[in-house]
Amino acid sequence: MIAIKSEHELVLMRQACKITAAARALAGDMVRPGVSTKQINKAVHDFIVGQDAKPSFLHYNGYPASVCISVNETVIHGIPGDYVLREGDIVSIDVGANYQGFHGDCAATFACGAISTEAKKLIDVTKRSFFEGIRFATHGHRVSDISHAIQTYVESNGFGIVRSFVGHGVGAQLHEEPEVPNFGAPGRGPRLLPGMTIAVEPMVTAGTYEVKVLPDRWTTVTADGALAAHYENTVLITDGEPEILTVYEGL
Ligand code: MF3
Ligand code: CO
């Protein structure tokens with residue numbers, strides 16, 4: 001069963017998503033050489049708590065931090081720690097916040113100082129692939145119409161699209177139905193209806209799409225060591241255009 005959010009639930013979802021997007025922006029603004037990933041984690045944690053919300057990721061399935069910070073070849077689920085950002089790093093920051101029982105979830109990859117042309121293209125293509133995908137996040141399309149559009153765009157730009165992690169419904173649970181893969185044939189999966197809220201999150205590599213999970217059981221890196229980028233928003237299906245809920249409008 002895919003939850004259709006009521007108007008009241010959407011009020012809470014919107015607020016959760018606003019806080020989440022503001023937290024992503026705050027984290028992105030901190031990305032510069034000399035800043036440690038745990039400093040960013042602490043600032044985001046304190047911000048979310050200060051908004052009367054809870055960091056959705058903290059202790060989720062045992063995850064030990066409030067933010068995922070994934071540098072260079074790390075694709076997702078990088079655990080903040082003592083690592084100090086360096087000029088040229090690309091830094092994927094994934095944040096979730098729970099406001100009165102509803103979650104927002106979003107991510108983006110940020111440049112640390114000057115980065116390579118290839119890295120810049122990777123970040124741009126990843127973000128654009130999200131927008132290609134959500135052209136199909138409309139009433140009556142099926143989930144894999146989004147998946148197919150993302151895969152086509154990413155691969156036509158010569159990059160790899162990760163398959164072993166997927167987007168997802170989001171709401172009262174951080175992860176709910178449906179799964180939203182970033183690859184596959186169109187016309188499959190559930191039909192999208194107004195009131196569904198989904199996290200669309202392409203994870204893109206500058207090499208092959210294979211990834212591996214490190215012994216800490218979280219940190220997920222490209223198998224070939226190539227750079228990776230991530231872009232995610234929580235999106236509401238409506239009667240018309242999809243609405244991106246994780247937009248930062250100031251709080
Ligand atoms: N945005 C990620 C996701 O949708 C973050 C989950 S990290 C976890 O799955 F720690 F919470 F698992
Ligand atoms: Co997500």
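Lys 38 pairs up with Asp 82 in a salt bridge, their closest N and O atoms sitting 2.6 Å apart. Keep in mind that this is a predicted model.

Q: Why is the contact between Lys 38 and Asp 82 called a salt bridge?
A: The cut-off is a Lys or Arg side-chain nitrogen within 4 Å of an Asp or Glu carboxyl oxygen. Here the N and O atoms are 2.6 Å apart, so the pair qualifies. By this rule the count comes to seven salt bridges.

Q: What makes Lys 38 and Asp 82 a pair that ties parts together?
A: Lys 38 lies in helix H2, while Asp 82 is in the loop between strand S3 and strand S4, so the parts they tie together are 44 residues apart in sequence.

Q: How do you know whether Asp 82 is buried or exposed?
A: Exposed means over 50% relative accessible area. Asp 82 has 60%, so it counts as exposed.

Q: What makes Glu 155 and Arg 163 a salt bridge?
A: Their closest N and O atoms are 3.9 Å apart, and the limit is within 4 Å, so the pair passes.

Q: How do you know whether His 168 is buried or exposed?
A: Buried means under 20%. His 168 has a relative accessible area of 4%, so it is buried.

Methods:
Residues numbered from 1 in each chain as written. Chains lettered and ligands numbered in written order. Predicted model: local features only at pLDDT ≥ 70, side-chain atom pairs only at ≥ 80, totals over all residues. Heavy atoms only, no water. Buried < 20%, exposed > 50% of the residue type's maximum accessible area, 1.4 Å probe, protein only. Helix = DSSP H or I, 4+ residues; strand = E, 2+ residues; numbered from the N terminus.
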